[in-house]
Amino acid sequence: MSISTPGGPERRPTVVSTGKKPAAGRPASGAKPGAAKPGAAKSAGAPRQTSGGKGPRKPIAPVKVSQGRSWGPIALFVAVGVLAVSIIGYGAYAAFQGSKSWEQRASDIDGIVDFREKDPKLVQGGQHQQGAIKYDVLPPVAGPHNPAWQNCMGDVYDAPIANEHAVHSLEHGTVWVTYRPDLPADQVSKLRSKVQGVEKAMLSPFEGLDKPISLQAWGYQLKVDDADDSRIDEFIKTLRVNASVEGPNANCGQGITATGTAPRDNVPQQQQQPPTQ
């Protein structure tokens, strides 16, 4: 390429194209130094201009979408936890209750009267006596009694029975459930279901009760107002057999099965035999 400068140094040089491309890195003829090529602003890494020309646009942070909690697994976890605590708690309670003696469990029954503690002389066993006997506690819970016992193999009597025979049954570990003769039939039926067919338990009406229902074991008594009272079951469970002063094998069969409040003195000999120990 040749450059001619007619007219002196004040004249702009005339560029004569030789048809060759400019060398790499050099601006083309006629291009202003420092001028950006079209599209250069879009090169990688170049910050984008905002529409207002106020500098590079800040990157937009992703929007976090809050998802609702899944309550199903949480509720299941809580339910399992509550069940586990209940099972452990009941097991601990049962173990604690099981460690108590039957006397301690009896004393825990609300409203029970413990004549063993109240009147130790009354609960002495083996006091056989013929004829009618006067009892200070009614229905009687202990004391002298007829040599023959009332049959107590889950017997249900529809009429009053002799106290003298019933007390002998208590001595053998029987629970004697009594009720007012005017107790509603549905209440009597509920009592019957708790006694009938249960060895060392018997049921009969009793005149003159100050409460609708009275339960007796040897040395213990509980009076309640309703056959649905849970203490009835607790009394029977705790004191049946346990309250015997003649051992758990004391006989309850082959006893008096007749009703009536007068004791029978001349009974068959087998009903007066000592209980089997």
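1. Both faces of strand E5 are covered, since Ile-213, Leu-215 and Ala-217 on one side and Ser-214 and Gln-216 on the other are all buried, where buried means under 20% relative accessible area, exposed means over 50% and partly exposed lies in between, with a 1.4 Å probe and protein chains only. Helices (H or I, at least four residues) and strands (E, at least two) are DSSP runs, numbered from the N terminus.

2. A word on the basis of this note: the model is predicted, and local features need pLDDT of at least 70, side-chain atom pairs count only at pLDDT 80 or more, and totals for chains, interfaces and linings use all residues. Residues are numbered from 1 along each chain as its sequence is written, and side-chain values use heavy atoms, with hydrogens and water left out.

3. The chain has 6 helices and 6 strands, and from the N terminus on its elements follow the order α-α-β-α-β-α-β-α-β-β-β-α. Of its 277 residues, 33% count as buried.

4. The sheet is open and has 6 strands in the order E1-E6-E5-E3-E4-E2, with mixed pairing; two strands pair if DSSP finds at least two bridges between them. Strand E1 (113-114) and E2 stand at the edges with a single partner strand each, so one side of each is left without a neighbour in the sheet. Strands of a sheet pair through backbone hydrogen bonds, either parallel or antiparallel.

5. Strand E3 (residues 175-179) runs antiparallel to E5 and is joined to it by 4 bridges, with Tyr-179 having Ile-213 as its bridge partner in E5. Strand E6 (residues 220-224) also pairs with E5 in the antiparallel sense, over 5 bridges, and here Ala-217 stands opposite Tyr-220 of E6. The hairpin of E5 and E6 has 2 residues between the strands, and in it Gly-219 takes a positive phi near 90 degrees.

6. Strand E6 is also joined to E1, by 2 bridges, and these two strands run antiparallel. Tyr-220 in E6 stands opposite Asp-114, and Tyr-220 is likewise the residue that Ala-217 stands opposite.

7. The structure holds 1 disulfide, a term used here for a pair of cysteine sulfur atoms within 2.5 Å. Cys-152 and Cys-252 form it, with their sulfur atoms 1.8 Å apart, and with -110 degrees about the S-S bond the link is left-handed. The pair links distant parts of the chain, 100 residues apart, with Cys-152 in the loop between helix H3 (115-118) and strand E2 (153-156) and Cys-252 in the segment after helix H6 (230-239). Both cysteines, Cys-152 and Cys-252, are buried.

8. Helix H5 (residues 185-195) has a buried side that includes Gln-187, Val-188, Leu-191 and Val-195. Seen down the axis of H5, these buried residues fall within an arc of 100 degrees, so they line one face of the helix; the arc is that of the directions from the helix axis to the C-beta atoms. Ala-185 and Ser-193, on the other side of H5, are exposed.

9. Helix H1 (residues 71-98) contains Ile-74, which is partly exposed with a relative accessible area of 35%. Ile-74 also belongs to a nonpolar patch on the surface, formed together with Trp-71, Phe-77, Val-78 and Val-82, and the accessible area of the patch is about 560 Å² in total. Patches are made of residues with over 30% relative accessible area and no salt bridge, with like charges joined within 9 Å and nonpolar side chains (Val, Leu, Ile, Met, Phe, Trp, Tyr) within 5 Å. A salt bridge is a side-chain nitrogen of Lys or Arg within 4 Å of a carboxyl oxygen of Asp or Glu, and accessible areas come from the Shrake-Rupley method with a 1.4 Å probe, for which, in the case of residues, only the protein chains shown count as cover.

10. Some backbone details deserve a look in the model. Most residues other than glycine have a negative phi, and most peptide bonds are trans. A cis peptide bond, with omega about -10 degrees, joins Leu-138 and Pro-139, and Pro-139 lies in the loop between H3 and E2. In the segment after H6 lies Val-241, which is not a glycine but has a positive phi of about 75 degrees, and which is partly exposed with a relative accessible area of 24%. Gln-254 lies in the segment after H6 and has a positive phi of about 60 degrees although it is not a glycine; Gln-254 is exposed, with a relative accessible area of 52%.
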